[in-house]
Amino acid sequence: MFRASPSARLLIVGQAPGRRVHETGIPWNDPSGEVLRDWLVTDRDTFYDTSRIAIVPVGLCYPGTVDGADLPPPRQCAPLWQPRFRAALPRIELTLLVGSYAQNYHLGSRRKASLAETTRAWREYAPRFVPLPHPSPRNQPWFARHPWFESQVLPALRTRVRSLVTS
């Protein structure tokens with residue numbers, strides 16, 4: 001499940017489509033997507049405008065669930081598809097790495113020991129990448145433990161995204 005156009009300047013890489021996305025065929029069409037759009041200060045029309053924003057998860061297909069939780073993306077997906085998409089998206093200036101699966105694939109050994117440490121070190125990966133936690137409403141405890149995310153990362157992220165999707 002992806003959306004992309006060669007003219008896009010912003011790429012969002014998440015993990016894999018969840019059940020609701022699988023059912024609707026629209027990426028980030030769930031409460032996590034609402035939070036992500038809020039982080040980016042982006043309305044639905046802009047968010048889904050492929051001429052501006054490409055959405056290519058690490059896993060392109062719905063991996064299913066176990067005990068009500070989405071399974072991780074299949075390991076073979078990212079190495080097979082991410083390089084092909086990158087080659088087809090020549091104007092990408094910024095890639096948002098949403099969650100640990102995207103960070104693991106794209107940052108590899110450059111990532112820190114935890115998602116929090118990697119996210120806190122976001123400047124080290126700029127200007128090409130910005131690592132982000134998953135915007136799931138279930139992650140509220142993470143956000144409460146890491147107030148620097150809202151005060152430091154989000155303002156810089158919003159400024160950069162605005163420059164890419166409005167120009």
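Reader: How much space lies in the largest pocket?
Author: About 730 Å³. The model is predicted: local features need pLDDT of at least 70, side-chain atom pairs count only at pLDDT 80 or more, and totals for chains, interfaces and linings use all residues. Residues are numbered from 1 along each chain as its sequence is written, and side-chain values use heavy atoms, with hydrogens and water left out.

Reader: Which elements supply at least two residues of the lining?
Author: Helix H1 (19-24), H2 and strand S4 (69-70). H1 gives the most, with three residues. Helices (H or I, at least four residues) and strands (E, at least two) are DSSP runs, numbered from the N terminus.

Reader: Take H2. How many of its residues are buried?
Author: Seven of the 10 in helix H2 (residues 31-40). Buried means under 20% relative accessible area, exposed over 50%, partly exposed in between, with a 1.4 Å probe and protein chains only.

Reader: Which ones are buried?
Author: Ser32, Gly33, Val35, Leu36, Arg37, Trp39 and Leu40.

Reader: What do they pack against?
Author: Strands S1 (10-13), S5 (94-98) and S6 (129-132), plus helices H3 (44-47), H8 (140-145) and H9 (148-165). Contact means heavy atoms within 4.5 Å.

Reader: What comes just after H2?
Author: Val41, which takes a positive phi of about 50°. Val41 sits in the loop between H2 and H3. It is exposed, with a relative accessible area of 57%.

Reader: Where is Trp28, and is it buried or exposed?
Author: Trp28 is in the loop between H1 and H2. At 9% relative accessibility, Trp28 counts as buried. Its phi is near 60°, a positive value in a residue other than glycine. Most residues other than glycine have a negative phi.

Reader: Switching to H5. Which residues are buried there?
Author: In helix H5 (residues 100-107), Ala102, Gln103, His106 and Leu107. Seen down the axis of H5, they fall within an arc of 95°, so they line one face of the helix. The arc is that of the directions from the helix axis to the C-beta atoms.

Reader: And what do the buried residues of H5 pack against?
Author: S1, S5 and S6 among the strands, and helices H4 (77-88), H6 (115-120) and H7 (122-125). Just after H5, Gly108 takes a positive phi of about 55°.

Reader: Last one. What kind of peptide bond joins Ala126 and Pro127?
Author: A cis bond, with omega about 5°. Pro127 lies in the loop between H7 and S6. At 55% relative accessibility, Pro127 counts as exposed.

Reader: What does Pro127 touch?
Author: Glu93, Leu94 and Arg160, not counting residues up to four places away in sequence. Pro127 and Pro155 are 28 residues apart in sequence and 15 Å apart in space, C-alpha to C-alpha.

How values were computed:
1 Å grid on protein atoms, 1.4 Å probe; cavity = no way out; pocket = protein on both sides within 12 Å on 5 of 7 lines; lining within 4 Å. Points joined across faces, edges and corners; volume = space filled by probe spheres on them.
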